[in-house]
Amino acid sequence: MTPLRWTLLIVLLVSSMLIGVMFGTLRLGMHDVINGLLGHASEMNNSVVRTLRLPRVLLSALVGAGLGAAGAALQGATRNRLAEPYLLGVSGGAAVGAVLAVAFHAPHALIPVIGFAGALGAVALTLLVARAAGGHGDARTVLMAGVVVGAFANAAIMVALANADAMAVRGALWWMMGSASDASWTQVATLAAFVAVGLAILLAMGRAIDVLALGDDTAAGLGVNVARVSLTVYVAGALLAAGTVSAAGLVGFVGLLVPHIVRLAGARTHRSIIGSAALAGAALVVFADLIARIAMPPAELPLGAVTAIIGVPFFLALLRRLA
Amino acid sequence: MLLSACASEAKHSAAITDDFGDSISVGAVPARIVSLNTTTTEIIYAVGAGAKVVGRTAYDIFPAEVKNVPDLGPGLHPNVEAVLAMHPDLVLLYASETNREAARQLRAAGVRTASFRIDRISDFARVTRLLGQLTGDTLAASVTVDSVNATLQRVRSATATLPHPKVFWPFWESPIMSVGGGSFVNEIIETAGGKNIFAELPAPSPTVSFEELLRRDPDVIVTGARTQAKLAGDTRWRTLRAVREGHFLIVDSTIATGPGPRVGAGAESVARLLHPGVRF
Amino acid sequence: MIEFREVSVRYPRAAVPALDHVSFVAERGRITAVVGPNGSGKSTLVRALLGRVPLASGSVLVDGAVIDLRHRRQLAMRIAAVTQREESVFPLTIRDYVSLGRYPHLGMWQAASADDHRAIARALELTGTENFLDRTLDELSGGEWQRVRLARAIAQGGDAIVLDEPTTFLDVGHEMAIFELLGGLASDGLAVMLVSHQLNLVARFAAHMVLLHRGRISAAGTPDTVMQGSVLESVYEWPLVVTRDPAIGSPALVPLRVPARPNRTRT
């Protein structure tokens, strides 16, 4: 990645965030937005900009950054182009948590918390299964364990949903499809802490991931403790993904797609892949959330549906290129 | 009107047609009824056949005595074996596509099964008359329908000339699902002298964005007590004028379960909240 | 410098040990070659050195001290390994790839120092790979890739290099180039330990050979000692003769054709 490309990426992110704050159902001029940001607009415009749009745009950016970075790191550590942040059972576990919360009539505000707990539980289960089957050091074993735990989670979801009422099911489904619509400053602050720590760990592991990507034996020959580095990357990536899930539900495709995009743009070493995937992921999710807000007024689309609609054709093009 | 005309015609041919298009013979008065739709359950009790109900859904809470009836689980994708185990001679289902197979299986087992779609207030009158025929008490059915219709009419006339405040009635907050034009709750709002801000959306419970809500700027929010407390304390929701100014109307949320015999009383209670001091 | 002392390795669910009390030393300043048929335990030796398989008994020592796998980086600073398989799902540029040889020397956030750059430049020069720095691994031919891998190992800067089948898939010219390079490294004082199928080439370059058969050492010593027709014939289970390379006099193995007889097939 050349300095010019890094600059372009930052410009892309900042401008997507500005556009994200400017557009919405309510029409605000540039003037209103700037005054709103400064708190000098009408009471209504102030709150639209500062209470609704800004936290939402920031939360989307953090979700995208977390998913992009986690996807990039996990793809590298597992040497698998199709690895993604939800790989280790995060999505299944989070969904089980959300659905159980619904089935047992937990307050709606608890869904993210229980979803997060479910994600952590599933990640722990995946790593335990992988360990029982042969060790964290072997990427293939970990991937298989993730698949097994995911299948188990699907079964659990179906059992839990059997008796839930229709509105609650719709609520749980909406949450599973991902949305930044409930963004608050508290959530922004929590996720920012998560992303800062997770990103720092993954960036620190960047060089080790480069080595790991060459294969376990080669990595061992270069002084990498394969099992420990893999486990660190898996746990940091999964926690990052779980953090985004608790903030905005399951937002698919971002973590899978963005690392490919930044690699095509010239990122080669994992430190630059992870860093640029964080920036590009942030821009992508901010943009996707804008579409989710304005594409079908007065309804709002689930964020995960928008990222998938953007992602699928993009990914097909990528596959053709790689094939 | 047309439908009830059909129904009364059906009485003479000793069969009625349900909303799956199946025909159900009228004649033998049922002794054991399973009702797997909360609204038909309420209607069955209202037309005086409650004592014959031997099975209900997990969600039935009206009328109060229904809790003594065995709970047979969900109303969609019902457990057919659990229903058959009650040896019913009449089963009432909600006529959604997911229930078509269950209806077929019950009929195949020789059980009279009628499926009704009760989504609008007009469905209430139509289905109540049909259920009256099935239970053999058309008089009780007529009385029920007339009483509800009279109440609705009374509420409508009392509020017709009053200013109609802009009403937002959420079914759910995350995502925000509003009462839409396709819901009978929209009819309740209109009857009670309010203007549903999402009335033009055809779906019964459309998902709407928060900014859209802000743009439509409701005068009042109709909700339950627990939701009110939550919304009133939420910074984002406080950007809504109605929330800031505390313009909440607290209703019994079970009004929204279905257009059953309580729909008239429900409209009346909403009207009293929307127009305090109005006389009916 | 690298000593295998009574090393045994047994894979789970395997009937016989992959390595059975194997002892030998790879000294500095010479090429030590480990040869043997497929499945004789050659690659397991390398994996044992890297701590990738648990030892059932025995130990691996470096300069007289048992290797401590808790300090892999220190080990990697002294011994570089070019393993048999390497993946390039996410191909790096040659510059970044060869720089990874300095991985054990760098702290997590530490940038490459002048020393690191010197080591990298020397490795590129020795292997003649300085001209494709900006190409990526997936754009290299097989011969170029092996040279680049060797460059990474040299950049690692230790005093031992361990290679597992470094010339598989290479043509004669590229193969010779690699062996000449390894010979040069050994004369510069490095301990070069080589796992190879190429008996004849190995016999010309190695000072010490270890012949493995079913996890045990069948013969060890100079090429002349190991390259005995009778020993090799029983290990490889194929008729062969050992002749002398006419040019340099090193032993050379010539496998024989066998008349097609139904009961004489290779096992």
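Analyst: In chain A, the axes of helix α12 (residues 254-264) and helix α13 (residues 270-294) come within 9 Å and cross at roughly 120°, where helices are DSSP runs of H or I with at least four residues, numbered from the N terminus, and axes are lines fitted to C-alpha atoms over the stretch in contact, with angles running from 0 to 180 degrees between N-to-C directions. α12(A) and α13(A) are therefore oblique to each other, the class left over once angles under 35 degrees count as roughly parallel, over 145 as roughly antiparallel and 65 to 115 as roughly perpendicular. The crossing of α12(A) past α13(A) is right-handed, that is, the near helix is turned clockwise from the far one by less than a right angle.

On the α12(A) side, A:Val254, A:Val258, A:Pro259, A:Ile261, A:Val262 and A:Arg263 take part, and they meet A:Ile273, A:Ser276, A:Ala277, A:Ala280, A:Gly281, A:Leu284 and A:Val285 of α13(A); contact requires C-beta atoms, placed from the backbone, to lie within 7 Å. By class, this contact of α12(A) with α13(A) comprises 10 nonpolar, two polar and one charged residue, with Ala, Val, Leu, Ile, Met, Phe, Trp, Tyr, Cys and Pro counted as nonpolar, Asp, Glu, Lys and Arg as charged, and the others, Gly among them, as polar.

For comparison, α5 (residues 111-133) and α11 (residues 226-248) of chain A pack at about 160° with axes 8 Å apart, which makes α5(A) roughly antiparallel to α11(A).

Residues are numbered from 1 along each chain as its sequence is written, and chains are lettered from A in the order in which they are written. Because this is a predicted model, local features need pLDDT of at least 70 and side-chain atom pairs count only at pLDDT 80 or more, whereas totals for chains, interfaces and linings use all residues.

Definitions and conventions:
Helix = DSSP H or I, 4+ residues; strand = E, 2+ residues; numbered from the N terminus. Contact = placed C-beta atoms within 7 Å.
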